[in-house]
Amino acid sequence: MKFMKLGTRPDTFHTEQATRTVISDAPNDLVIKINNITYLIHKFPMLPKCGLLQRLCSNNGNGDDHKTRIELHEIPGGEEAFELCAKFCYGMTINLSAHNLVSAFCAANFLGMNESTNEGNFIVKLESFFLSCILCGWKDSILTLSSSLGLSECSHNLGLTTKCIDSIIHKILTPPSKVTWSYTYTRLGYNKKNHRLVPKDWWTEDIADLNIDLFRCIIAAISSTCILPPPLIGEALHVYTCRWLSDVRDTSTSKTEANVEKNRLILETIISLIPPDKESVSVNFSLRLLSLANILGASQVTKAEIIRRCSLLLEEATVSDLLFPSKDEVDVDEQCLNDVDLVVSVLESFLRRNSDVENAEVLRSITKVGKLIDCYLQVVARDPKMGVAKMIHVAQTLPDLARPSHDHIYKAINIFLKEHPEVSKVEKKRLCRVLNCQKLSPEVRGHAVKNERLPLRTVVQVLFFEQQIKGPKTSSRVAATEELQQDEIRSVPKQRPASGDHETKSRADRQKLRRSESTRSRPNEKEEQKMKRNELLKQSRRKEVVNEGERR
């Protein structure tokens, strides 16, 4: 940080209660009151350099005690800025830096400390320091711009704000290979000693300290040049969001009305600054912004815009990206741990954008998102507050073509039924209607047949489909076995029983053949038993359906 030292005399201001007095052999003859502080000073060093005081003293005249009293409550920067100007007039030592330059500049301009009043006056020296030191430095320009926050109108009128912003933008647009000034870069795993090259986003952390209005001016100006790639602009927005909105969910710091309004303004500004390019921000950051918009109660226009952006990137998301915490305003006893409705809104926006299912690329995207949503349901199904209606709503939001396989949605339903044993039979049936048994893999069908959590109707459907698949194979096996048996019978030589021995041998052969036929027919008996079990299940289901109809 750059400093400028002016004056050589020691500081002789003395404080007594709310009064600041310059210790001197000469009696004070000028009383200036600023807010709650009273200054007892002298006209001789002050008036030659302050045009305003010259005019006020000539108009007011002296009181009975031969002192002129003036009130300067409206001076920019208050009593601290005035004291810097007063010490300059007395020749006392003062140190100027990026922290107090703007307030001193505004106060000196207010007091009329220019060249027309006195040669080599305070404003000239401040301008020289500002142009030759402050604007040449990266961090000094940012600190000076930050310090102008409370004096924005005066600073803007004097051109300080504009010049600082121009200097910052010029440095940001400088190629990284030509960056020679110090900057803040605290990314995890980054070590300046091991990295000789300057990172492309070297500037993002320093400007994140700025007020949102100043930050907006800089980002808007950078974007308008089209020099930096959109992802770099998006990274700056991400850093700023982490800097100012990381504690939004902390109720102890963010629930006051003023804080909520401030955070909402920051969020809406950030969203408005996102470049239109799809790759400008990551899907994780987009979804995080959507969650913050929901928590802070952003405007419908802002929500619609960020939902649209999230839908553009939905197929790149992971399940963890979709796990939005629910809003705190909802009753804790009733709310789900995750905001499922927000995910549905993004999914619906995605499906509206990808309505041309004849396009192979669109179909691929829908299928990928379908798997993502089913895996997401497997996670939220463990939520004890998750209701059946919400599970069904999310599952049915996806079109049928989004699920070439129903294995993942089956797993989600199974997890839900396991975590919610209190679900009624009627609700189970409604939930399981989402399943298409024909799209289950053999392994999952095998699990479903033995799954006692599923309603009987679903099990019967799985068994029926299994029978349809295995039926042709079973029939062919039975036919082959019967044909083999007939061939063996025909192959037995027909001999006339010439004697009792031959009759005994023929009888023994026939018994042996029957045992052989009985042994070969056992697989058919097993198949028949299996078919009988299936038939019993069907009959049981029919009775259940009839009973339900009678109850209705």
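Reader: Why is K371 called partly exposed?

Author: In this predicted model, K371 has a relative accessible area of 47%; the term exposed is kept for values over 50% and buried for those under 20%, so with 47% K371 is partly exposed. The residue sits in helix α17, which runs over residues 360–380.

Reader: What is the distance in space between K371 and R403, and how many residues apart are they in sequence?

Author: From C-alpha to C-alpha, K371 and R403 are 7.1 Å apart, while 32 residues separate them in sequence.

Reader: Why does E315 count as buried?

Author: The relative accessibility of E315 is 18%, and buried means under 20%, so E315 counts as buried. E315 is placed in the loop between α15 (300–312) and α16 (340–353).

Reader: Which residues is E315 in contact with, once its neighbours within four places in sequence are left aside?

Author: With those neighbours left aside, E315 is in contact with R364, S365, K368 and V369; a contact here requires heavy atoms within 4.5 Å.

Reader: What makes V344 a buried residue?

Author: V344, which lies in helix α16, has a relative accessible area of 5%; since the limit for buried is under 20%, V344 is buried. Leaving aside neighbours within four places in sequence, its contacts are H393, V394 and T397, and of these H393 is 49 residues away in sequence but 8.7 Å away in space, C-alpha to C-alpha.

Reader: How do you know that F129 is buried?

Author: The relative accessible area of F129 is 2%, and as buried means under 20%, F129 is buried. Its place is in helix α5, residues 122–134. Not counting residues up to four places away in sequence, F129 touches K2, F3, M4, L96, S97, L101 and I134; L101 is 28 residues from F129 in sequence, with the two C-alpha atoms 8.9 Å apart.

Reader: Why is Q17 called exposed, and why is N35 called partly exposed?

Author: Q17 has a relative accessible area of 79%, and exposed means over 50%, so Q17 is exposed. N35 has a relative accessible area of 36%, and this value falls between the limits of 20% and 50%, so N35 is partly exposed.

Reader: What is the phi value of Q17, and what is that of N35?

Author: Phi of Q17 is near 55°, a positive value in a residue other than glycine, and phi of N35 is likewise near 55° and positive, again in a residue other than glycine. Q17 is found in the loop between β2 (13–16) and β3 (19–22), whereas N35 lies in the loop between β4 (30–34) and β5 (37–41).

Reader: Where does S182 lie, and what is it in contact with?

Author: S182 is in the loop between α8 (160–172) and α9 (204–207). Apart from its neighbours within four places in sequence, S182 is in contact with W138 and K139. S182 and G137 are 45 residues apart in sequence, and 8.8 Å apart in space from C-alpha to C-alpha.

Reader: How many residues has the largest nonpolar core, and which have the most contacts inside it?

Author: The largest nonpolar core has 154 residues, and those with the most contacts inside it are I32, I41, M46, F82, F122, W203 and I207. Helix α14 (residues 283–296) gives the most to this core, with 9 residues. As for F82, not counting residues up to four places away in sequence, it touches I32, I34, Y39, I41, M46, L72, I75, A107 and L111.

Reader: What share of the protein counts as buried, and how many helices and strands does it have?

Author: Of its 552 residues, 43% count as buried, and its secondary structure comes to 24 helices and 7 strands.

How values were computed
Residues numbered from 1 in each chain as written. Predicted model: local features only at pLDDT ≥ 70, side-chain atom pairs only at ≥ 80, totals over all residues. Heavy atoms only, no water. Helix = DSSP H or I, 4+ residues; strand = E, 2+ residues; numbered from the N terminus. Buried < 20%, exposed > 50% of the residue type's maximum accessible area, 1.4 Å probe, protein only. Core = buried A, V, L, I, M, F, W, Y, C linked by side-chain atoms within 4.5 Å.
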